[in-house]
Structures are given as structure tokens and as C-alpha cells.
Amino acid sequence: MEFLAWLLIIACFIIAFIGLIYPIIPSVLFLLLGFILYGLFFSFTELSLGFWLIEILFVILLFLADTIANLISVKKFGGTKAGLWGSTIGLLIGPFVIPFLGILIGPFLGAVIGEFIFARSNIYQAFRAGIGSLVGFLTSVATKCVLQLVMIVIFIVAIV
């Protein structure tokens, strides 16, 4: 039974990291599910109130990292709200249209289309916004990966 418990906990953590690439998967919720499964299968005593407060702060940081990285990058590269919305829509649709590569192409094309059609930007400016969207997405993935690793390290320290 202990083996099955750890298998489920580790599976939750792996799914959380897959969610970095496929944003339709709520990464942070799978991390929290892994922590809760540990408590249910073993004990919540190691997972103190301090542990939960720290983890909740990291959850907030994860959500902020995603939003802020994309916003800053699109804006820095001269994009508008249309590019930001296009990027977000492309991020959600891209992986379904073109598996794996869609996660990179979707936000880029979404920002370009949003800027070109809705913001009436020239093609050069639209492509700059698309590159900004791609940079923002990659920055967000790297930041969230580090934050999730820190969350898991805090979990391991708490239970050892």
C-alpha cells in the first residue's frame, strides 16, 4: 500500500511538471494533490500550518509568475492588449491544433494575429509582439519550474 501511495504522489508531481508545457493542466493543483495524498496515506502531522502557509504563498507566486512574465514580455516588445489576449488564446488552443510544437507556435501566432488584425499594428510590430509572447511564455515556464521544484523540496524537508 505504501508503494501505491508514493506512486500516486510522484505521479501528481510529474503531471504538475507536464502542466508547465500543457497549460490546460493545472500544475499547482497537482502539486497540492500530491501533498494532500501524502497526508491521507501517511500523516498530516509533518505538514504543519507553516508548511501550508509557505506552499500557499508559492501557489500565489506561480499564478503571478505566469501572468506577469507574459504581460511584461509582450509589453516590452511593443505589444498591446490585443497581442496579450491573442497570445493567451494561442497558448490554450495551440497544443490541441499542433501537438507539442503548438505550445510554442500558438502564443506566437496568437499575439501576431491579435496585433495585426485587432490592434491594426504593422506586420513588423505584430511579429515583435509575437516574439515577446514567446519570450514571456518561456520565461514563465522556467520560473514556474523553479518554483515547483522549491515547493517539492520544502515538502521533502517537511516529511524527512
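Predicted model: local features only at pLDDT ≥ 70, side-chain atom pairs only at ≥ 80, totals over all residues.
Local features are reported at pLDDT of at least 70 and side-chain atom pairs at pLDDT 80 or more, whereas totals for chains, interfaces and linings use all residues. Residues are numbered from 1 along each chain as its sequence is written, and side-chain values use heavy atoms, with hydrogens and water left out.

The protein chain contains six helices and zero strands, where helices (H or I, at least four residues) and strands (E, at least two) are DSSP runs numbered from the N terminus. Along the sequence the pattern is α-α-α-α-α-α. Taken along the principal axes, the C-alpha atoms fill a box of roughly 60 × 30 × 20 Å. Of the 160 residues, 40% count as buried; buried denotes under 20% relative accessible area, exposed over 50%, and partly exposed the range in between, with a 1.4 Å probe and protein chains only. Contact is defined as heavy atoms within 4.5 Å. Among contacts between residues at least 6 apart in sequence, 66% join residues at least 24 apart.

Helix H4 (residues 81-97) and helix H5 (residues 102-118) have axes that come within 6 Å and cross at roughly 145°. The axes are lines fitted to C-alpha atoms, for helices over the stretch in contact, and angles run from 0 to 180 degrees between N-to-C directions. The crossing of H4 with H5 is right-handed, meaning that the near helix is turned clockwise from the far one by less than a right angle. On the H4 side the contact is made by Ala82, Gly83, Gly86, Ser87, Gly90, Leu91, Gly94 and Pro95. The H5 side consists of Gly102, Ile103, Gly106, Pro107, Gly110, Ala111, Gly114, Glu115 and Phe118. By class, seven residues of this contact are nonpolar, nine polar and one charged. In this classification Ala, Val, Leu, Ile, Met, Phe, Trp, Tyr, Cys and Pro are nonpolar, Asp, Glu, Lys and Arg are charged, and the others, Gly among them, are polar.

Within H4, Gly94 is buried, with a relative accessible area of 8%. Leaving aside neighbours within four places in sequence, Gly94 is in contact with Gly102, Ile103 and Gly106. Gly94 and Tyr22 lie 72 residues apart in sequence, and their C-alpha atoms are 9.6 Å apart in space.

The buried residues of H5 are Gly102, Ile103, Gly106, Pro107, Phe108, Gly110, Ala111, Val112, Gly114 and Glu115, and they pack against H1, H4 and H6. Glu115, in helix H5, counts as buried because its relative accessibility is 0%. Beyond neighbours within four places in sequence, Glu115 contacts Gly79, Thr80, Ala82, Gly83, Arg120, Ser121, Ala126 and Ala129.

A nonpolar core is taken as a set of buried Ala, Val, Leu, Ile, Met, Phe, Trp, Tyr and Cys residues joined through side-chain atoms within 4.5 Å. The largest such core has 21 residues, of which Phe13, Leu31, Phe35, Tyr38, Leu47, Met151 and Phe155 touch the most other members. Helix H1 (2-21), helix H2 (27-41), helix H3 (49-76) and helix H6 (123-159) each supply at least two residues of this core. The largest share, six residues, comes from H2. With neighbours within four places in sequence left aside, Tyr38 is in contact with Trp6, Ile9, Ser43, Glu46, Leu47, Phe155 and Ile159. A second, separate core of five residues includes Leu20, Ile103, Phe137 and Val141.

In helix H6, Ser140 is buried, with a relative accessible area of 1%. Apart from neighbours within four places in sequence, Ser140 contacts Ala65, Asp66 and Ala69.

The model has zero disulfides, a disulfide being a pair of cysteine sulfur atoms within 2.5 Å. The sulfur of Cys12 is 17 Å from the closest cysteine sulfur, that of Cys145, and is therefore too far for a bond. Cys145 is likewise in no disulfide. Cys12 is buried, at a relative accessible area of 7%, whereas Cys145 is partly exposed, at 26% relative accessibility.
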